[in-house]
Amino acid sequence: MNIFKAATRLSRPSSLFTHSLSIKPFRQNTLVFVRLLSDSLRENIDSIVKSKDVTLFMKGTPEEPQCGFSRAVVQIFRIQGLDFSKLRTVDILQDQNLRDGLKEYSSWLTFPQVYVKGEFVGGCDIMLNMHQSGELEELLVKEKLVANQPEATVGETKTEHQKAG
């Protein structure tokens, strides 16, 4: 018998040691929640999220994103016409405590994370879906983060329409 098989057998409860009245053994694949967000870190994240109208926690910077998902969110903001003076970006690769704390703060385990007016919106997949459906433009216009651009007529791009107007 090899070591792996022996270890596997030892990790499984034997029917000899368990019966219907005993406490069930701790399952190895059970997730254990560990609180990573201290009160001071929560206050720090609150102040970051509320410091600008839009906050993007990303890997890298808008000029040099370190992941394709972060790059995609920056590109979506550019396409939407977001005024980058209203955007605060935070490189989560620079601070492991912040990175871990954000996962608990937002209940979202991946990055990038986008906040608009202090409210969590989502990650790259949510931003892409909102962009494609028009919901992101509606949100940014409603929150006065981009100008409400008139619709282009058939066969005319928005840029051509703006030049004509």
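Predicted model: local features only at pLDDT ≥ 70, side-chain atom pairs only at ≥ 80, totals over all residues.
Visitor: Which residues of helix H6 are buried?
Guide: Helix H6 spans residues 135-142. An α-helix has 3.6 residues a turn, so residues three or four places apart point the same way. The buried residues of H6 are Leu136, Leu139 and Leu140.

Visitor: What arc do the buried residues of H6 cover around the axis?
Guide: The residues in question are Leu136, Leu139 and Leu140. Their arc puts them on the same side of H6, as it is only 95 degrees.

Visitor: Which residues are exposed on the other side of H6?
Guide: The buried side of H6 has a cover that includes helix H3 (68-80), strand E3 (113-116), strand E4 (119-122) and helix H5 (124-133). On the other side of H6, the exposed residues are Glu138 and Lys142.

Visitor: Is Asn97 buried or exposed?
Guide: Asn97 lies in helix H4, which comprises residues 96-106. A residue counts as exposed when its relative accessible area is over 50%. With a relative accessibility of 56%, Asn97 is therefore exposed.

Visitor: How many Å separate Arg99 from the nearest side chain of opposite charge?
Guide: Arg99 also belongs to helix H4, and Arg99 is buried. Beyond its neighbours within four places in sequence, Arg99 is in contact with Lys59, Ile92, Leu93 and Phe111. A salt bridge requires a side-chain nitrogen of Lys or Arg within 4 Å of a carboxyl oxygen of Asp or Glu. Arg99 has no salt bridge, and the nearest side chain of opposite charge, that of Asp100, is at 5.6 Å.

Key: Residues numbered from 1 in each chain as written. Heavy atoms only, no water. Buried < 20%, exposed > 50% of the residue type's maximum accessible area, 1.4 Å probe, protein only. Helix = DSSP H or I, 4+ residues; strand = E, 2+ residues; numbered from the N terminus. Arc of directions from axis to C-beta. Contact = heavy atoms within 4.5 Å. Lys, Arg positive; Asp, Glu negative; His and termini not counted.
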